[in-house]
Amino acid sequence: MTSRAEIDVRPITEAEFPDWNRALNTGFLQEPVVAEEQLRARRHQFVPGRLLGAFDAGRCVATFRSFAQEVTAVGGAPVPADAISNVTVSPTHRRRGLLGRMMARDLAAARERGDVVATLIAAEYPIYGRYGFGPATTMTEWSVDVPRAGLDPRRAGPADGGRIDLVDGEDVRKLGPELHDRLRRGQPGAVSRNEVWWRVRTGALRFEKEWTEPFFAVYRSAAGEVEGMAAYRADDHWGDAKQPLNTATVQWLIGTTPAAERALWLYLCSIDWITRVRSGWRAPDDLLPHLLPDPRAATIVTQADWLWVRILDVVRALEARTYGAPGTLVLEVVDPGGPAGGRWRLEASAEGASCTATAEGADLVLGAGELATLWLGDESAVRLAALGRVREERAGAARMADALLRTSRRPWCPDMF
Ligand SMILES: CC(=O)SCCNC(=O)CCNC(=O)[C@H](O)C(C)(C)COP(=O)(O)OP(=O)(O)OC[C@H]1O[C@@H](n2cnc3c(N)ncnc32)[C@H](O)[C@@H]1OP(=O)(O)O
């Protein structure tokens, strides 16, 4: 077997892209042969320098891709992020440090470029904490038992003068990007979607062999503004007594106003034959259950960590966001060999925040992963202190951190990437 040092970790060339994709599929336990059409489509994600591979005797045995993204901070500012995806190590080469080498290389380059954070969606919880990532948003998926929800079956469309129309992929590519941009400007934790995202979700680019068009629904307000959009599929399931028992599964649903969210969810829960609606990946405080006369008709089927964040630049990350109250906190961030380590004085006020390196005594001591977990406002410092993951050096500092950092609505990342 080739020794550790002989395995080359480096950016791939475009000519190596097919071999890299074979390794990618292998790592994700998918059919290793990637057809020419899929390769052509996936090539749109090839950015020189941003796809790493590990090569053993010329064969690709590990993959890693990062791309430019923006993640919305609390308060709405877009923050430049190094989004990480397609992380695999072939089963023949696991636990020999290949992920560690690829991650170190990518994070160093991200820091060099000036990215403020790195982001990813973790396949398994234990993988990324060691690299200074912390879970920063939570995903909840509901299953709605439609007959139990208590909706009036005579209801016909939105009651607010708005309307819902079914559209095709081309309309989605036209209307979706601008709608989504409005959504993410107001949604902490949301990430940017590039053109490839829209093309893949509408079948204009086929990353996978099997693709069929879902239903696309658009909500327009009484004033004619596009305020919401959803993609959903329905299965074909009938009961023994010849009654329809179909499930609608939401692929994605975005609304820039509560009226749009209400209209789209009530639409989905009132389609004839549909007796169950799977919500897809929502924020844990999504309106959905409470739009139903009987909220218990919506049961949680999945709840898990979702967007993981790694702070690369503490000053810019903390200055990019707004705070729930004015106050001063000195944070000692433990990040051995990493960019977030040090003691930082955060001064938050209505005018914004300033963050500077300081030699003062710390109020709170925490790891880089804990800082990332607190950054989008979803987690409580008091809770992390109770877990022993944050240490108070000044009594009441964790409570103070919560007053500053936490938000009234929870952050949400609608996307998987
Ligand atoms: C953002 C994304 O793309 S998420 C997708 C992640 N990919 C997958 O889940 C695909 C299947 N899994 C894999 O391909 C590999 O197991 C990987 C990529 C998760 C890990 O790759 P490896 O090269 O084995 O990791 P590496 O050897 O660098 O491990 C570093 C450390 O993390 C630990 N580790 C790695 N993966 C895991 C895991 N799944 N669970 C627990 N610990 C893990 C290792 O034990 C090691 O710990 P140590 O330093 O204390 O010995």
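Tutor: Domain bounds come from an automatic or database domain assignment. Here that gives domain 1 (4-135), domain 2 (139-168 + 213-305) and domain 3 (308-405). The model is predicted: local features need pLDDT of at least 70 and side-chain atom pairs count only at pLDDT 80 or more, while totals for chains, interfaces and linings use all residues. Residues are numbered from 1 along each chain as its sequence is written.

Student: How many residues of domain 1 are in contact with domain 3?

Tutor: Two residues are in contact if their C-beta atoms, placed from the backbone, lie within 7 Å. By that rule 22 residues of domain 1 touch 22 residues of domain 3. On the domain 1 side, strand 5 supplies the largest share, 4 residues. Helices (H or I, at least four residues) and strands (E, at least two) are DSSP runs, numbered from the N terminus. That side holds 15 nonpolar, 5 polar and 2 charged residues. Ala, Val, Leu, Ile, Met, Phe, Trp, Tyr, Cys and Pro count as nonpolar, Asp, Glu, Lys and Arg as charged, and the others, Gly among them, as polar.

Student: Which residues are closest to the ligand?

Tutor: A residue is near a molecule if its C-beta atom, placed from the backbone, lies within 6 Å of it. Of the 23 residues around the ligand, the closest are Val87, Val89, Leu99, Gly100 and Ala123. Strand 4 (78-89), helix 3 (98-113) and strand 5 (117-121) each give two or more residues to this shell, and strand 4 gives the most, with 6.

Student: In which sense do strand 15 and strand 18 pair, parallel or antiparallel?

Tutor: Two strands pair if DSSP finds at least two bridges between them. Strand 15 and strand 18 (residues 364-367) are parallel, with 4 bridges.
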